Amino acid sequence: MDFKKIFSHNEEWIAERLSVDKEYFNQLSKGQKPDILYIGCSDSRVSTEELLGAKPGEVFVHRNIANMVISIDLNVQSVITYAVDHLKVSQIIVCGHYYCGGVKAAMEAQDLGLLNPWLRNIRDVYRIHKDELNKIEDLDRRYNRLVELNVEEQCINLIKTAAIQKAFLERDLQVHGWIFDIKTGKLVDLKINFKKILKEIMEIYNLNEGKTIF
């Protein structure tokens, strides 16, 4: 990537788009109506639209280190609220990827300064699942299993939120946990049992003014 050529590449990209559709940018300017909210990792090797085969306007995207959904992170919570309450998405995907640098850093005993409080959330996932993870002797397999468990826990964090619960009641919104396998290019569906998790956490996390979801 030659930084100095970015603007010239932009001009080429505009010309290419207009050669196919003269109204391309006019149509884009009219607004968006995505059906999917994608929460992924900031890793430069993962390109959301290419990965999903999506066109501009089809996917609302939030990315951060290790695809985290943290309750006090106003950034991700604002994205969720806007996507669910205003854009009315019907599907939410939390997508991690094998060999995630954030997850690997959380597995190592070192002081990373400002990253420490962020990575602590991943270390908490390890703590919750340490019995399973410590039985995995191969470090790469343990590392990638933590990637999967982290996606599952972030899906649970999503399901704990009022906006998600309300949208499930009103229009059957669904939450999915996926993994991108960088070595093969394949997407792996972890088959998160959304309704089962929702049912299990309702005793503590029901935020729908006492309304029974199940």
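**Helix packing and pockets**

The axes of H9 and helix H10 (residues 194-205) come within 12 Å and cross at roughly 125°. That angle makes H9 oblique to H10. Angles under 35 degrees count as roughly parallel, over 145 as roughly antiparallel, 65 to 115 as roughly perpendicular and the rest as oblique. Axes are lines fitted to C-alpha atoms, for helices over the stretch in contact, and angles run from 0 to 180 degrees between N-to-C directions. Helices (H or I, at least four residues) are DSSP runs, numbered from the N terminus. The model is predicted: local features need pLDDT of at least 70, side-chain atom pairs count only at pLDDT 80 or more, and totals for chains, interfaces and linings use all residues. Residues are numbered from 1 along each chain as its sequence is written, and side-chain values use heavy atoms, with hydrogens and water left out.

The crossing of H9 and H10 is left-handed. In a left-handed crossing the near helix is turned anticlockwise from the far one by less than a right angle. On the H9 side, Ile164, Gln165 and Phe168 take part; they meet Phe194, Lys195, Leu198, Met202 and Tyr205 of H10. Contact means heavy atoms within 4.5 Å. This contact holds 6 nonpolar residues, 1 polar and 1 charged. Ala, Val, Leu, Ile, Met, Phe, Trp, Tyr, Cys and Pro count as nonpolar, Asp, Glu, Lys and Arg as charged, and the others, Gly among them, as polar.

Helix H9 (residues 162-171) also packs with helix H4 (residues 74-86), at an angle of about 15° and with the axes 10 Å apart. H4 is therefore roughly parallel to H9. The crossing of H4 and H9 is left-handed. H4 contributes Ile80, Val84 and Asp85, and H9 contributes Ala163, Ile164, Ala167 and Arg171. By class, the contact of H4 with H9 has 5 nonpolar residues, no polar ones and 2 charged.

For H6 and H8, the axes come within 10 Å and cross at roughly 105°. H6 is therefore roughly perpendicular to H8. Ile122, Val125, Tyr126 and Ile128 of H6 meet Arg142, Leu146, Leu149, Asn150, Glu153 and Gln154 of H8. The contact of H6 with H8 comprises 6 nonpolar, 2 polar and 2 charged residues.

H6 supplies the largest share, 5 residues. By class, the lining of the largest pocket has 6 nonpolar, 6 polar and 4 charged residues. On a 1 Å grid over the protein atoms alone, a pocket is an open set of points where a 1.4 Å probe fits, with protein on both sides within 12 Å along at least five of seven lines; lining residues have an atom within 4 Å of a point. Grid points are joined across faces, edges and corners, and a volume is the space filled by probe spheres set on the points.

The second largest pocket has a volume of about 240 Å³. Its lining consists of Arg17, Asp21, Tyr24, Gln27, Leu28, Gly31, Gln32, Lys33, Lys55, Pro56 and Gly57. Helix H2 (residues 24-28) gives the largest share, 3 residues. This lining divides into 3 nonpolar, 4 polar and 4 charged residues.

How values were computed
Helices (H or I, at least four residues) and strands (E, at least two) are DSSP runs, numbered from the N terminus.
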